[in-house]
Amino acid sequence: MSESTGRPEDGTPTLELRGVDKSFGVVQVLHGVSMKVYPGQVTALVGDNGAGKSTLIKSIAGIHGIDAGEVLFEGRPVSISGPREAAALGIEIVYQDLALADNLDVVQNMFLGRERKNGFVLDEVSMEQAARDTLSKLSVRTLRSVRQLVSSLSGGQRQTVAIAKAVLWESKLVVLDEPTAALGVAQTRQVLDLVRRLADTGHAVIFISHNMVDVFEVADRVATLYLGRMAADIPISGVSRSQVVELITAGRSGSIGIAPADVAAVEV
Amino acid sequence: MSSDTVAPATSAQEPGGAPSGFEDDRSADSLGASVRAYVDRVRGGDLGALPAVLGILVLGLLFFALRPETFLTPRNMANLADQAAPIIILAMGLVFVLLLGEIDLSAGVVSGVCAAVMAKLLADAGSPWYVAVAAAIVTGVLIGLFTGSLVGLVGIPSFVVTLALFLGWQGFTLRLIGEGGTVPVRDPVISALSDKNLPVVLGWVLAVLVIALYAVLQLRRWSTQRSKGLAHQPLTVVLIRVGVIALVVVLVTAVMSVDRAPAPGVVLAGIPYAIPLVVLLLLALTFLLGRTGFGRHVYAVGGNAEAARRAGIDVTRIRVAVFVIGSTLAAVSGIVAAARLGSVAPGSGGGNALLYAVGAAVIGGTSLFGGRGRVRDAVLGGLVVAIIANGLGLLGTEAYLNFIITGGVLLLAASVDALARRRAAATGH
């Protein structure tokens, strides 16, 4: 289903899904979804509304259990049964609604729930240093202070903080759910740069977006969901923008995608 | 992708590494910049302690002008401290509850229940004072667990739960004490909270210790932040803060060290015990909120409960905990109030005790919408409320006017809070 048409991928994928099924009651949302996410690469996850992107992400995050199929993390089969297990493996999800507390500052948000302490007392010194290091490593230059309240940040800055928060935990896989959805041009630029740097610093990145310009700018691979099936999971160099759009809307484009018979079966 | 291109995060420095960004963290050394930042914050709707401090000054001047011979006397100041202490302590507990955007309407009557438990044990069972006090505090903890469970576990809005308990606990106190009766509190140790004072010398020693401790902590923090290259305030601001605290402590100690005996021949001087109790609670609770993981989580849940939940914080546990803290401090407040009045009546903690305490917290700068507030708000706001009550008493205002004025002040504080919040939303602060 997901044959590479471009350069072959070597090395172990950080995350590999094999034939994942998921149903909610009688509605089957995911049908035998397979996908590979490699370290140092941005994998764009695209698909129309209702294609199953959110369900797939929540399965990876451990929020939904899967009904069938295999999940391999760094080559080892794992079963992720909760958000904490996902975090323990090194999977961090940056949700669309960011989940930052407005009344706390940048450092406090980045360490929220995982504060460093000396005994009872919060270790503000080490937390501030680590937060600053992480932000510098990601070349974040848009914050005036790491001690400013999140309520005073712009949308792009908030997204930056949310992503930096995910990186702080030596995460291996970072999932970004439409990080550029509500941003202006300049802020989108900042966030896309940051996404690229995430991959360049060795993280495996899943980047969900509806914006083909963003996808082609930043992604190495593109995984296309069509009505709960993986239409294609291929290097982006092997496809054109119009082909991806076709994959999203029809599940098939030329020789790539779901076999014609299957498409017919899906659409019935 | 070969494994060696998977760079460990530590070796991923940007070429050049020219650190731009974080300008404010490095340029915050100038006093002018901090003053501008403060003005910006106030304009942006974050008023902090400003309304309460202004309130204390304006009301103080007003009542001094109206009653120059009685208001600013050492005797009335000691009386004011006595009056303010139960309000402040009750308000400290409410700060925790308000930080989550919840409310505890039963806090006042809970202080009455706990005081009644203590008084009954002292008067009827003849228990020693420490047993009675411990029983009152345990009662507060249990009541807080009950309230918190109804709010956090069952999920009933705190407004409804505590409104029901406001009625329920009054009945409980009435049953304990009996219709029309009062239980006297004559234990010397408990009464000492209100009618005994620290020896003058000890008062000065403690005052100097408090100032020294504050100065050392502030300066040490400043120098650590500076040497490690963290965000820090200019030294001038730190010194001004230390200076203001020192001035207030010295002033209070000096006024309380003057002989304020009503008749010649006796000496009545020294800091009333209620003041060190409030200071102790202020320090301990400020530490809890500002320096511990628990405090951080309280702010997080108050700011964005969903974010806190996703960050792995047990939101229910935090919710129950703030009600336990609120009721426990209500118990302490009840004990102090009972010591002051010398008795516990069925109406203890009813009436305007709660209104005063909520008013104190809100006037001090704690938001009714959750997420913003500090323990010191209770102290500053409590002083404002107590000055109003005290001053109106000296003026001999009629009771009806008293109610109207205090209610008006609470409404004013809540309006300031709501407007500040709107302004903050508009200016992104």
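**Close-up views of chain B**

**View 1. The contacts of B:Ile88.** Beyond its neighbours within four places in sequence, B:Ile88 is in contact with B:Val278, B:Ala360, B:Ala378, B:Val379 and B:Gly382. Contact means that the C-beta atoms of two residues, placed from the backbone, lie within 7 Å. This is a predicted model: local features need pLDDT of at least 70, side-chain atom pairs count only at pLDDT 80 or more, and totals for chains, interfaces and linings use all residues. Residues are numbered from 1 along each chain as its sequence is written, while chains are lettered from A and ligands numbered from 1 in the order in which they are written.

**View 2. The largest nonpolar core.** This core has 193 residues. A:Phe207, B:Ile88, B:Ala91, B:Met118, B:Ile335 and B:Ala357 touch the most other members. Its largest share, 17 residues, comes from helix 4 (residues 74-99) of chain B. Domain 1 and domain 2 of chain B both give residues to the core, so it lies between them. A nonpolar core is a set of buried Ala, Val, Leu, Ile, Met, Phe, Trp, Tyr and Cys residues joined through C-beta atoms within 7 Å. A residue is buried with 20 or more other C-beta atoms within 10 Å of its own, exposed with 12 or fewer, and partly exposed in between; C-beta atoms are placed from the backbone.

**View 3. Helix 4 against helix 15 in chain B.** The axes of helix 4 and helix 15 (residues 353-364) of chain B come within 8 Å and cross at roughly 65°. Axes are lines fitted to C-alpha atoms over the stretch in contact, with angles from 0 to 180 degrees between N-to-C directions. Helices are DSSP runs (H or I, at least four residues), numbered from the N terminus. On the helix 4 side, the residues that meet helix 15 include B:Ile88, B:Ala91 and B:Leu98. Among their partners in helix 15 are B:Tyr356 and B:Ala360. The residues of this contact divide into 13 nonpolar, no polar and no charged. Ala, Val, Leu, Ile, Met, Phe, Trp, Tyr, Cys and Pro count as nonpolar, Asp, Glu, Lys and Arg as charged, and the others, Gly among them, as polar.

**View 4. The two domains of chain B.** Domain 1 covers 50-56 + 68-195 + 301-416, and domain 2 covers 197-271. These bounds come from an automatic or database domain assignment. Their centres, taken over C-alpha atoms, are 26 Å apart. In chain B, 4 residues of domain 1 are in contact with 4 residues of domain 2.

View 5. B:Glu398 is found in the loop between helix 16 (375-395) and helix 17 (399-427) of chain B. B:Glu398 is exposed, with 10 other C-beta atoms within 10 Å.

Technical notes
Helices (H or I, at least four residues) and strands (E, at least two) are DSSP runs, numbered from the N terminus.
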